[in-house]
Number of protein chains: 2
Amino acid sequence: MVSIKDIAKKAGVSISTVSYALNGSSKITEATTARIREIAKELNYVPNAAARSLKKRETKIIGAFLMSDYSGNFFGPLLQGINDTLNSTDYELIVCSGIKSHRFLPEQVIDGAIVLDWGFSDEELIKYADLGSKLVVLDRELEHPNINRVILDNTTGSALSINYLLEKGHRKLYVVTGPDISYDANQRLQAVRKAVKQYDHIHYQEIKGDFSKLSGARAADQIVQEYKEPVAVFCLNDEMAIGMYDYLSTTTYQIGKHVHIIGFDNIEMSQYIMPNLATIDYSKHKWGALATVNLLKLISNEPVVNETIDVSLIKRGSVQ
Amino acid sequence: MVSIKDIAKKAGVSISTVSYALNGSSKITEATTARIREIAKELNYVPNAAARSLKKRETKIIGAFLMSDYSGNFFGPLLQGINDTLNSTDYELIVCSGIKSHRFLPEQVIDGAIVLDWGFSDEELIKYADLGSKLVVLDRELEHPNINRVILDNTTGSALSINYLLEKGHRKLYVVTGPDISYDANQRLQAVRKAVKQYDHIHYQEIKGDFSKLSGARAADQIVQEYKEPVAVFCLNDEMAIGMYDYLSTTTYQIGKHVHIIGFDNIEMSQYIMPNLATIDYSKHKWGALATVNLLKLISNEPVVNETIDVSLIKRGSVQ
DNA sequence: CACGTTTAGTGAAACGTTTCGATAAACGAT
DNA sequence: ATCGTTTATCGAAACGTTTCACTAAACGTG
């Protein structure tokens, strides 16, 4: 592997001169700089990232911890938002999964990270922040000088959703919940309970889910077992709603007639499945972009405040 | 940041002893090893990745270059396959985009990569391979000792697709092509042309596409302009087929009646849109898994051969 | 007990950069 | 001609590991 040393030798200068020249320091004359650059190119020199980051204590890489599992089609637009923001900077993005890559933060493989991944506990993230990692969390509330937060307005989302079902005249309500560890799931559920409590004469029931399609199908099964009259179901994410579609398509129960369904997230699929899935929408692109802006600020020690992403109701055929 | 040096001082041993102990060398007694580990934990020591990889010339990270753009829902199952395979090893996965992260390979940020990304030219990849990077390419044919190849059987896929349409009695055929740089697109197109050439009395026409939904919609527009009688369309990927659905839903033309559509890839969405999209299927999980196995072999200098992934036809309602 | 051998630990170099402080030459001003 | 100042370059230390070559003590063997 050709190093700065080889260039120095060939150019008949010191390695420090080479380093300065390659980094465009004004200390070196244009002539020597040009000559050194020439030789570097000639030798196919590429800098060694490990050596540089060892010395500079930075990697110019930020991570996005998103994928505790790689299935689902939730992350596309979010990543796009992150990437678009990063494109005008000299930072690069890597996408990693909390399932394994826990070392990236403490070992300083990356300068910072955006986290939406239950694979990390609050304690773990705080530990990393204590060690100096800069983090933007998308799925929890953490107070720490090295941590910023950009979260969804889950509370409003749930309220919009429940009110919509009630407006439509539904009085028999199911909620399919999310995993216990998920902050979003919990916030959404709390808001549902609060909204429901304000009304009398409604039948309200919770079914345990875990944000996966399969758990949505299971919930549908339970609903079908208990079926007496038309019901409305609020799935705490779209993925489960789709699982419910899957299951119901094997029965005679019709969505928008016997079972009315609303989801949360407005993933791409919701506008393609039939009937189209009513859901709670928010800009994933903006979410990613805002998180990135804040992470960059955190890294450069600029002041930064926590943010909330607005949500809105999308009425579609799955609720009549 | 606490280093091996701090531990050595506190333990009253040399730094080499600490290094050996932490790495579990048998040169060090169990007693000292235990004591050193204890102190390391106490001081919250974490190794510095840059220093280690500088010295060891390896990072234990492999990359997946997949995302020239982050939209689309193609990559989920592929990543799952890669990840599942990696889980039993000590390698970690990062997902990166060829749009920016070109330095990761030459600068040895990663030990190797799986590449399915037109953001890299053949020449560029060869250059990296020459510099010592280990690569598995999924979207091109490259002969190099450091490069292995796992590709789809596009040729069979196209043949299956065309034959299916002809079997169904269609004689007016459109093909919506892919981007010129895409190897898969070209292979598919070549095979289509070859298959079509074997039949007389069929009307065959190509429309330029680029694998995006938008280009599928545009193609649909053109088809509608020229419409005289029912036509069959082979979209060289599902994404464009979906774009075509989008467009046609704004017209009175019906899929499976006026316009018959078959895609390629069998992405998740194809079985949800109505009517379900006929397409060419292959195991993305296996694709990722095989690529990973081969990459690991390449990295450990084991012999490895190129592979092809089988495809099969999925008949669905979009073609009658 | 004297010998070679094993064991447990040490010291120092090396990996490829960056950067501080030093130095020598060139320059401008008096 | 002399003095300070700027300019271009250099030397060396430092970042945090790993690992080779070495040593001294402990051990087993005849």
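Which residue stands opposite B:V176 in strand 8 of chain B? B:C235 does.

## Basis

This is a predicted model: local features need pLDDT of at least 70, side-chain atom pairs count only at pLDDT 80 or more, and totals for chains, interfaces and linings use all residues. Residues are numbered from 1 along each chain as its sequence is written, chains are lettered from A and ligands numbered from 1 in the order in which they are written, and side-chain values use heavy atoms, with hydrogens and water left out.

## A sheet in chain B

Four strands form an open sheet in chain B, in the order 7-6-8-9, with parallel pairing. Strands (E, at least two residues) and helices (H or I, at least four) are DSSP runs, numbered from the N terminus. Two strands pair if DSSP finds at least two bridges between them. Strand 7 (203-207) and strand 9 (259-262) of chain B each have a single partner strand, so one side of each lacks a neighbour in the sheet.

Strand 6 (residues 172-176) and strand 8 (residues 231-235) of chain B pair in the parallel sense over four bridges.

Polar contacts are pairs of N or O atoms within 3.5 Å. A polar side-chain atom of A:S16 lies 3.2 Å from a base nitrogen of DNA strand D. A polar side-chain atom of B:R52 lies 3.1 Å from a phosphate oxygen of DNA strand D.

Terms used
A polar contact is a pair of N or O atoms within 3.5 Å; within protein, one must be able to donate a hydrogen and the other to accept it, and residues adjacent in sequence count only if both atoms are side-chain atoms.
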